[in-house]
Amino acid sequence: MTRRWRAPARGLWARVWDGLRPLDPYRSVKAALGALVIVSVIITTLLVFVAMHSATELRVITIFSIIASLLITQFVANSLTAPLGEMTDVTQSMAHGDYTRRVHSARRDEFGDLADAFNRMAADLEAVDTHRKELVANVSHELRTPIAALRAVLENVVDGVSQPDPETMRTALKQTERLGRLVEHLLDLSRLDNGVVPLHTTRFEVWPYLSGVLKEANMSRGAATLAGSGTHTRTDVHLHLDVSPPELTAHADAERLHQVVANLIDNAIKHSPRHGRVTVHARRGEGPGSLELDVQDEGPGIPESERYRVFERFNRGGPGTAGPGSDGGTGLGLAIARWAVDLHGGRIGVAESPRGCRIRVTLPGLEPARS
């Protein structure tokens, strides 16, 4: 009974305390200024009372009264305007591109509320600036592979290594189309925070779709070797596809899923040992049109303590985790994969595996959480 009584009493006292806020000098600027006036009047009255009952001249009392009022006013004004001066310094730093500074204010009045709102604004601006920089990095990461493949095809034609036959031109056209789609989709990252990135989901057969992705991965490896791009040049890793059942179909955005699978394969190849094997497993999920996809390599794997960080942007893993001949990448591939999976309302994570690393992707199919 005592506890039941105390809880409403605490709630009532909190409401009363909030109601008295305009009268609290520590929680209201108006109350602080009012208290300043009252204290000044009291001091002046006391000094006048002293002058009336002593031989002190009135002008001396007046001078002391003015000095005391000025000192109290200066003290109160400094405490009130200190957050404003700090906000001016932080604003000047933000004008020069430094969004990391914050206003340190422990006040509970309107100036304290203003400092909190200012800090939230600074955090939002810092997030926008970080998003802009990451967008540029994402674009460069995603575009260099088709550019390298297209450059390799054209150089082969110019050098006479390949003939400009219809098959070669179709390969170049396919990479050009892929490049255009990537430009369009990667620019959607600028609208991601507003939740307006569209999904174009369709039903497709999984086996031919993933076969095309693996074929492009093999072609990109050869193009990277010929063109000398920043992507990996591992040609000793074998890619294997396992779809069960073979006639499996799924319902997803094919282009977004292409981003996921291509980045997972690229990451698995980079961390594979010499003459290793990367296997892509696909099987039906729980719901209609759903898909469960695993990308398995034979590399050193990911320690359990590091698994929560592998999908962070610019995370390249610890030293010694990359395979031979790998440059470590930019640390954006898995972050892009997670973004595309989240857009479907699916899940992506590191699954248990007796050897190497297994990344598991689960797409919900016909009922995505976000559209």
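1. The buried residues of helix H8 are Gly333, Leu334, Ala335, Ile336, Ala337, Trp339, Ala340, Val341, Leu343 and His344, where buried means under 20% relative accessible area, exposed over 50% and partly exposed in between, with a 1.4 Å probe and protein chains only. H8 is thus mostly covered, with 10 of its 12 residues buried.

2. This is a predicted model, in which local features need pLDDT of at least 70 and side-chain atom pairs count only at pLDDT 80 or more, while totals for chains, interfaces and linings use all residues. Residues are numbered from 1 along each chain as its sequence is written, and side-chain values use heavy atoms, with hydrogens and water left out.

3. Helices (H or I, at least four residues) and strands (E, at least two) are DSSP runs, numbered from the N terminus. The expected span of a helix is 1.5 Å times one less than its number of residues, so H8 (residues 333-344) should span 16 Å, and the 17 Å between its end C-alpha atoms agrees with this. Just after H8, Gly345 takes a positive phi of about 80°.

4. Strand E2 (residues 238-244) has a covered face made of Leu239, Leu241 and Val243, and an uncovered one made of His238, His240, Asp242 and Ser244. In a regular strand the side chains alternate between the two faces of the sheet. E2 runs parallel to strand E4 (residues 277-284), to which 7 bridges join it, pairing being assigned if DSSP finds at least two bridges between two strands. The bridge partner of Val243 in E4 is Ala282.

5. Ser140 lies in helix H4 (residues 110-159) and counts as partly exposed because its relative accessibility is 43%.
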